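Here's a quick briefing to read alongside the model. Have the viewer open and follow along.

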Amino acid sequence: ELMRTCLVFTRLLLLQKNGPGTGVANSLPRHEPFEQAPMYVAVMTYLGYGLVTLFGYFRDFLRAVGLEKCHVAQERSEQKDFVPLYQDFENFYNRNLYMRVRDNWNRPICSLPGPVFDLMERISDDYNWTFRFTGRTIPNVINVGSYNYLGFAENNVDFLKTVAEKTQEYGVGVCSTRQEIANLSLHQELEQLVANFLGLESSMAFGMGFATNSMNIPALVGKGCLILSDELNHTSLILGARLSGATIRVFKHNNMHSLEKMLREAICSGQPRTHRPWKKILIMVEGIYSMEGSVVRLPEILALKKKYKAYLYLDEAHSIGAVGPTGRGVTELFNVNAADVDIMMGTFTKSFGACGGYIAGKKVLVDYIRRHSHSAIYATAMSPPVTEQVIRAMKCIMGQDGGDEGIRRVRQLAENTRYFRARLKEMGFIIYGNDDSPVVPILLYMPAKVVAFAREMLRRKIGVVVVGFPATPITEARARFCLSAAHTRPMLDQSNLLILRYLLIHLLNAINSRLSHYHTV
């Protein structure tokens with residue numbers, strides 16, 4: 001019985017070693033496996049959610065009879081015959097499951113969000129319904145949760161000199177759209193720089209990365225068009241596809257057989273009922289998927305796109321600057337021609353330490369977007385200091401600033417990524433994603449383990465993001481580490497050591513509990 005208990009807790013996160021990691025990546029990106037958890041882990045995970053759900057219904061009963069105070073927003077009594085304003089299950093989940101553990105999210109910081117940061121200490125007196133600040137800070141927390149891939153979220157005076165100069169020259173905000181009186185020379189310089197960086201004809205910059213997807217996709221496709229979307233695409237892609245009015249079909253993640261089957265059916269059958277040919281067929285994928293850390297199988301998708309005369313929309317929010325020998329994304333990682341991708345999208349919010357996004361491609365495409373995109377017509381233009389920050393970061397990566405700091409950061413990120421992943425594999429953790437991906441998800445599975453892991457890491461000054469249902473499948477809750485070129489080797493070693501230490505403490509507590517049970521018997 002004791003051995004069975006040990007096996008349950010060790011196999012939850014540990015695998016048998018496949019041999020020591022070399023820390024050396026193959027010349028071509030590897031195919032990443034998604035290892036499934038053992039059956040008993042899935043059963044225990046469902047059991048955990050089942051228990052908290054039962055207790056949730058019991059607590060709702062106590063609230064209904066007045067034995068427990070209800071803190072959530074409710075319909076007024078005079079509106080009892082109205083259609084409910086709040087979705088029933090979503091409201092139930094928030095008040096009975098999420099509310100108990102929400103101290104693990106939305107943690108306010110009070111310093112530069114670099115490789116380390118300071119957190120504002122907060123406590124709750126009513127089980128996370130409300131928080132109050134103590135006035136103290138938690139200093140020097142290692143930041144392994146943000147997308148600061150190349151370390152450009154920094155406050156180095158020498159590096160930010162040009163940003164300060166542009167702020168003094170142009171001010172902070174523009175208070176208008178690009179099509180009115182906010183089309184600055186800085187914006188044009190940035191767009192030309194982005195096009196040169198990607199090796200494409202033209203590009204257009206936008207003030208918000210999320211809106212770059214959600215507002216531009218409706219300008220590219222509409223009724224009578226077909227979108228083939230990867231099942232793990234980001235919400236911004238999903239929203240843009242829904243707003244477009246096009247027909248949406250979802251193919252399995254990185255599954256070329258599923259994608260080709262849908263392409264073949266679309267060509268053969270055409271539109272529903274009328275069977276007319278689709279006006280456009282658009283394949284939508286991401287370079288790096290932010291929850292799985294997997295890399296798109298770009299060469300195979302390009303081959304299918306050419307074979308079936310479809311268009312390809314590539315979202316490089318997490319891959320531009322983060323992968324490839326010189327940081328030019330997955331097209332460089334796979335050594336394919338960037339011009340073969342019809343619509344290249346990316347953001348400045350990750351690798352470039354700023355905000356906003358871009359659409360790049362042929363000049364005729366970008367000119368069309370300038371005239372028809374809601375984000376181009378109605379949204380406020382990027383602020384001058386943010387624009388200059390992107391320019392200085394991109395010039396640094398391209399070496400146009402006269403130094404090699406940019407390429408050093410790209411190489412440091414790749415080294416940190418390989419080292420961190422290799423160490424986790426040597427310790428036996430189940431991790432997802434490609435060896436070149438700086439997004440490293442560690443599978444935790446059980447809901448109680450997810451929140452305990454986050455709290456224990458913060459107690460040891462490691463700031464990590466944990467994700468569970470409904471953001472992930474119910475049996476695949478995880479902690480997601482995001483690596484940075486600004487992380488030092490001691491920081492990575494400390495993170496690895498504390499992860500393993502937490503697991504061993506959890507295992508020893510389980511063994512001690514079992515031994516105490518036998519002693520009592």
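Is the crossing of H5 and H14 left-handed or right-handed? It's left-handed. Keep in mind that this is a predicted model. The protein chain has 17 helices and 13 strands, and 50% of its 521 residues count as buried. Take the contacts between residues at least 6 apart in sequence: 71% of them join residues at least 24 apart.

**H5 against H14**

- Two packed helices are described by the angle between their axes and the distance between the axes.
- For helix H5 (residues 185–198) and H14, the axes come within 10 Å and the crossing angle is roughly 30°.
- Angles under 35 degrees count as roughly parallel, so H5 is roughly parallel to H14.
- On the H5 side, the contact is made by Leu 186, His 187, Glu 189, Leu 190, Leu 193, Val 194, Asn 196 and Phe 197.
- H14 brings Pro 384, Thr 387, Glu 388, Val 390, Ile 391, Met 394, Lys 395, Ile 397 and Met 398 to that contact.
- Sorted by class, the contact of H5 with H14 has eleven nonpolar residues, along with three polar and three charged ones.

**H4 against H14**

- Helix H4 (residues 161–170) also meets helix H14 (residues 384–398), with axes that come within 8 Å and cross at roughly 150°.
- Angles over 145 degrees count as roughly antiparallel, so that's what H4 is relative to H14.
- The crossing of H4 past H14 is right-handed.
- From H4, the contact draws on Thr 162, Val 163, Lys 166, Thr 167 and Tyr 170.
- From H14, the partners are Pro 384, Pro 385, Glu 388, Gln 389 and Arg 392.
- By class, the residues of the contact of H4 with H14 split into four nonpolar, three polar and three charged.
- Gln 168 is another H4 residue to look at; it counts as exposed because its relative accessibility is 71%, over the 50% cut-off.

**Asn 96 in H3**

- Asn 96 is in helix H3 (residues 88–101).
- With 6% relative accessibility, Asn 96 counts as buried, because the cut-off for that class is under 20%.
- Set aside the neighbours within four places in sequence, and Asn 96 is in contact with Gly 56, Arg 59, Asp 60 and Arg 63.
- The Asn 96 side chain makes polar contacts with two of these side chains: that of Asp 60 at 3.5 Å and that of Arg 63 at 3.0 Å.
- As for Gly 56, its C-alpha is 5.1 Å from that of Asn 96, with 40 residues of sequence separation.

- You'll find Ser 484 in the loop between strand E13 (477–482) and helix H17 (489–520).
- At 4% relative accessibility, Ser 484 counts as buried.
- Which residues is Ser 484 in contact with, leaving aside its neighbours within four places in sequence? They are Asn 148, Tyr 149, Gly 151, Leu 413 and Asn 416.
- For Asn 148, the side chain of Ser 484 reaches the backbone oxygen at 2.6 Å.

**Positive phi values**

- Most residues other than glycine have a negative phi, which makes the next two worth a look.
- Asn 140 isn't a glycine, yet its phi is positive at about 55°.
- Asn 140 lies in strand E2 (residues 132–143) and is exposed, with a relative accessible area of 52%.
- Lys 461 also isn't a glycine, and its phi is positive, near 65°.
- Lys 461 sits in the loop between helix H16 (447–459) and strand E11 (462–463), where it is partly exposed at 32% relative accessible area.

- Pro 473 belongs to the loop between strand E12 (465–467) and E13.
- Its relative accessibility is 44%, so Pro 473 counts as partly exposed.
- Along the chain, Pro 473 and Tyr 445 are 28 residues apart, and their C-alpha atoms are separated by 9.6 Å.

Methods: Residues are numbered from 1 along each chain as its sequence is written. This is a predicted model: local features need pLDDT of at least 70, side-chain atom pairs count only at pLDDT 80 or more; totals for chains, interfaces and linings use all residues. Side-chain values use heavy atoms; hydrogens and water are left out. Axes are lines fitted to C-alpha atoms, for helices over the stretch in contact, and angles run from 0 to 180 degrees between N-to-C directions. Helices (H or I, at least four residues) and strands (E, at least two) are DSSP runs, numbered from the N terminus. Angles under 35 degrees count as roughly parallel, over 145 as roughly antiparallel, 65 to 115 as roughly perpendicular and the rest as oblique. A crossing is left-handed if the near helix is turned anticlockwise from the far one by less than a right angle, and right-handed if clockwise. Contact means heavy atoms within 4.5 Å. Ala, Val, Leu, Ile, Met, Phe, Trp, Tyr, Cys and Pro count as nonpolar, Asp, Glu, Lys and Arg as charged, and the others, Gly among them, as polar. Buried means under 20% relative accessible area, exposed over 50%, partly exposed in between (1.4 Å probe, protein chains only). A polar contact is a pair of N or O atoms within 3.5 Å; within protein, one must be able to donate a hydrogen and the other to accept it, and residues adjacent in sequence count only if both atoms are side-chain atoms.
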